Amino acid sequence: RRLGIECEIVVELARDVGEGTFTRETAAELVGAVMAGIEIVDDRYRDYRTQGVPTLIADNFFNAGCVLGEPVRNWRAFDLAALEGRTLINGEEVGRGLGSAVLGHPLAALAWLANKRGPRLKRGQFVFLGSLVETKWLNAGNVARIEISSLGALELTVTA
């Protein structure tokens, strides 16, 4: 019904998660690489606000696909919370945000997920941690680009 994108920091898990209580610091030990990512979303509802949290969770909050950037393995060299993300549509900046927009620090989101879903998270899986910029909606012919400092840029073109 309505195609959108989100500018996200993504991690690749270096090992199976297992049981435990995770903090931002211990969640960092799970990460093998960090990369820029575009989450492709599809708002399939007339008014998603009327759906309720259980439906939105079951729907994975509109997820319809993704685009992954190149893995950055020396990610500990920079502060993920300080990374700046930008979203551009047809060359015009439409949003900007910091990694700290994701629960104060992107790895806080990974810790939360590991605490909730631990044993289901496996080595090699990719985890989108949350958007640095609010969802931007696209139309046919739009060229969307996201840029995240230290992680690179990704672009996609909407053809239909």
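**Lys-136 and its surroundings in the predicted model**

The side chain of Lys-136 lies 3.0 Å from the backbone oxygen of Val-94. This distance comes from a predicted model, as do the other values reported here. Lys-136 belongs to strand β7, which covers residues 136-137. Its relative accessibility is 13%, and because buried means under 20%, Lys-136 counts as buried. Apart from neighbours within four places in sequence, Lys-136 makes contact with Leu-3, Gly-4, Ile-5, Thr-87, Ile-89, Val-94 and Gly-95.

The protein chain as a whole contains three helices and nine strands. Along the sequence these elements follow the pattern β-α-β-α-β-β-β-α-β-β-β-β. Of the 160 residues, 43% are buried. The accessible surface of the protein chain amounts to about 8400 Å², and carbon and sulfur atoms account for 49% of this surface. Among contacts between residues at least 6 apart in sequence, 72% join residues at least 24 apart.

Arg-86 is placed opposite Glu-147 of β8.

Strands β1 (residues 3-13) and β2 are likewise antiparallel, and 11 bridges join them. Leu-3, one of the residues in contact with Lys-136, has Asp-42 as its bridge partner in β2. Strand β2 (residues 31-42) is largely enclosed by the rest of the structure, because 10 of its 12 residues are buried.

Helix α3 comprises 12 residues (residues 106-117), which at 1.5 Å a residue should span 16 Å; the end C-alpha atoms are 17 Å apart, in agreement with this expectation. The buried residues in α3 are Pro-106, Leu-107, Ala-109, Leu-110, Ala-111 and Ala-114. An α-helix has 3.6 residues a turn, so residues three or four places apart point the same way. The cover over the buried residues of α3 includes strands β1, β2 and β6 (126-131), together with helix α1 (24-28).

How values were computed
Residues numbered from 1 in each chain as written. Predicted model: local features only at pLDDT ≥ 70, side-chain atom pairs only at ≥ 80, totals over all residues. Heavy atoms only, no water. Pairing = 2+ DSSP bridges. Helix = DSSP H or I, 4+ residues; strand = E, 2+ residues; numbered from the N terminus. Buried < 20%, exposed > 50% of the residue type's maximum accessible area, 1.4 Å probe, protein only. Polar contact = N/O pair within 3.5 Å; in protein donor to acceptor, adjacent residues only side chain to side chain. Contact = heavy atoms within 4.5 Å. Expected span 1.5 Å × (residues − 1). Areas by Shrake-Rupley, 256 points an atom, 1.4 Å probe, with all protein chains shown as cover.
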